[in-house]
Amino acid sequence: MAPAEPLAVLALVALLAPGLGVALPGCDYPAHLWCSSWEIAVACQVESRCANLSRPAAPPVELTLFYESLCPACRWFLVQQLFTTWLLLPAEALSITLVPYGNAEERNVSGKWQFQCQHGPEECLGNMIETCLMHEAKNFSSYFPVIFCLESGSSVTKNLEAKHTDELQEQAQASLLALVCRLYQGEKPEACGGSGAPKAPFRCGH
């Protein structure tokens, strides 16, 4: 005949913490404390039975990309994989660090640093432009879309040059609406003479 003592212990546990069941031997906490914190629930392996206990926030996945501004494989990964993943996931799930350095080599010549990049001087310039952008903008959400645009075209430096000319500035000052309508590649909105629906007018409250 089986001893009665284990059954008595099980009955006592059920009275103290109904619905929890029996914790495994590694649990050093009394049953009435099993759902008092997430750490205790995990230690006693009863977290699935503590319905009112919220799971603590997990740290984000840390991802660091060492890349070169003109490396085809790096650019494909940044544009097709990394940027899309960043757009889809919340900031608390993914933390990205970009290092536009990759396979560059440096040497000190007469007290001055010289850099040699895998894809030539233009890549060194592109790396430096993106590094300066990160340093000045500081906020990842501000500079990553710009880097995405730079890396999406044929050349980082040429893409940057196309962002501003004296002619564009003069046209913008003369008629910004006409310039934007001319540059926009999609279906022309109504304000540009197209059939698209106009935006709702903006009104300031007084």
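Q: What joins Cys-35 to Cys-50?
A: A disulfide, with 2.0 Å from S to S. A disulfide here is a pair of cysteine sulfur atoms within 2.5 Å.

Q: What kind of model am I looking at?
A: This is a predicted model, in which local features need pLDDT of at least 70, side-chain atom pairs count only at pLDDT 80 or more, and totals for chains, interfaces and linings use all residues. Residues are numbered from 1 along each chain as its sequence is written, while side-chain values use heavy atoms, with hydrogens and water left out.

Q: How many disulfides does the whole structure have?
A: A search finds 4. Counting bonded cysteines along the chain, the pattern is 1-3, 2-4, 5-6, 7-8.

Q: Which residue does Cys-117 pair with?
A: Cys-124, at 2.0 Å from S to S. That link is right-handed, with 115° about the S-S bond. Both Cys-117 and Cys-124 are buried.

Q: What about Cys-181? What is its partner?
A: Cys-192, with 1.7 Å between the sulfurs. This link is left-handed, at -75°. Cys-181 lies in helix H8 (residues 176-183) and Cys-192 in the segment after H8, so the pair ties together parts that are 11 residues apart in sequence. Cys-181 has a relative accessible area of 12%, so Cys-181 is buried. Cys-192 has 26%, so Cys-192 is partly exposed.

Q: New topic. How many salt bridges are there?
A: The structure holds 1 salt bridge. The side chains of Glu-151 and Arg-75 meet in it, at 3.1 Å from N to O. A salt bridge is a side-chain nitrogen of Lys or Arg within 4 Å of a carboxyl oxygen of Asp or Glu.

Q: Where do Glu-151 and Arg-75 sit?
A: Glu-151 is in helix H5 (residues 140-152) and Arg-75 is in helix H3. They are 76 residues apart, so the pair links distant parts of the chain. Both are buried.

Q: How about Arg-55, buried or exposed?
A: Exposed, because Arg-55 has 63% relative accessibility. Arg-55 is in the loop between H2 and S1. Its C-alpha atom is separated by 6.5 Å from that of Trp-38, 17 residues apart along the chain.

Q: Now the surface. Which residues form a nonpolar patch?
A: Leu-87, Leu-88 and Leu-89, with about 330 Å² of accessible area together. Leu-87 is in helix H3 (residues 72-88). Leu-87 is exposed, with a relative accessible area of 55%.

Q: What counts as a patch?
A: Residues with over 30% relative accessible area and no salt bridge: like charges are joined within 9 Å, nonpolar side chains (Val, Leu, Ile, Met, Phe, Trp, Tyr) within 5 Å. Accessible areas come from the Shrake-Rupley method with a 1.4 Å probe, and for residues only the protein chains shown count as cover.

Q: Last one. Where does pLDDT stay under 50?
A: Over residues 6-19, for one, where the model has 7 contacts beyond four places in sequence. Residues 197-206 also stay under 50, with 1 such contact. Contact means heavy atoms within 4.5 Å. pLDDT is the predictor's confidence in each residue, from 0 to 100. Where pLDDT is low, the predicted coordinates should not be read in detail.

Q: What is the mean pLDDT of the protein chain?
A: It is 78, and 78% of the residues reach 70 or more.

How values were computed. Helix = DSSP H or I, 4+ residues; strand = E, 2+ residues; numbered from the N terminus. Buried < 20%, exposed > 50% of the residue type's maximum accessible area, 1.4 Å probe, protein only.
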